[in-house]
Amino acid sequence: MKRIFFILVGVLLVLQFFPIDRSNPPVKAEIQTSAETKEILKRSCYDCHSNETIWPAYSYIFPASLLISHHVEEGRDELNFSEFGLLTQKKQNKKIYEIWEQVEEGEMPPKDYLLLHPSARLSDKDKEILKQWSDRFSEDSE
């Protein structure tokens, strides 16, 4: 039993030395919106949905490093505020509408993310601001 434990610990230690991509590519065309809306997005969304990810200390420890890197990669693929301006106006409108849908359904920000990042929690006021912002674009996205 001790042997298995030490082998497992050894494997985990070796895995710490395999590089995981935690890069932040340059911002190409950031989303243009009000300062109030942008503050909410930066606080609650940017870590996974922009090229301005703040990589916490635990993102350097395997297996968390692998999981977090994968989440950020998926988040940027789905919606990247650092490249938002490269989308057509119609796609931007659709994405803004989808943002509100995800917030309204309680899907974003994810509950597991909020456990370690309570400041990302959206207040009722934050949600109202995002809803009003989204409502301005919803006609063009449907």
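I located S65 in helix α4, residues 64-78; helices here are DSSP runs of H or I with at least four residues, numbered from the N terminus. The model is predicted, so I kept to its cut-offs: local features need pLDDT of at least 70, side-chain atom pairs count only at pLDDT 80 or more, and totals for chains, interfaces and linings use all residues. Residues are numbered from 1 along each chain as its sequence is written, and side-chain values use heavy atoms, with hydrogens and water left out.

I checked the accessibility of S65 next. S65 counts as buried because its relative accessibility is 4% (buried is under 20% relative accessible area, with a 1.4 Å probe and protein chains only). Setting aside residues up to four places away in sequence, I found S65 touching I20, R22, Y58, S59 and Y60 (contact means heavy atoms within 4.5 Å).

I then turned to I40, which sits in helix α2, residues 35-44. I40 has a relative accessible area of 1% and is therefore buried. Beyond its neighbours within four places in sequence, I40 contacts C45, L122, D126, I129 and L130. From I40 to Y60 I read 26 Å, C-alpha to C-alpha, at a sequence separation of 20 residues.

Last, I looked at where α5 meets α7. I96, Y97, I99, W100 and V103 of α5 are in contact with K127, L130, K131, W133 and S134 of α7. I noted that the residues of this contact divide into seven nonpolar, one polar and two charged (nonpolar: Ala, Val, Leu, Ile, Met, Phe, Trp, Tyr, Cys and Pro; charged: Asp, Glu, Lys and Arg; polar: the others, Gly among them).

How values were computed: Helix = DSSP H or I, 4+ residues; strand = E, 2+ residues; numbered from the N terminus. Buried < 20%, exposed > 50% of the residue type's maximum accessible area, 1.4 Å probe, protein only.
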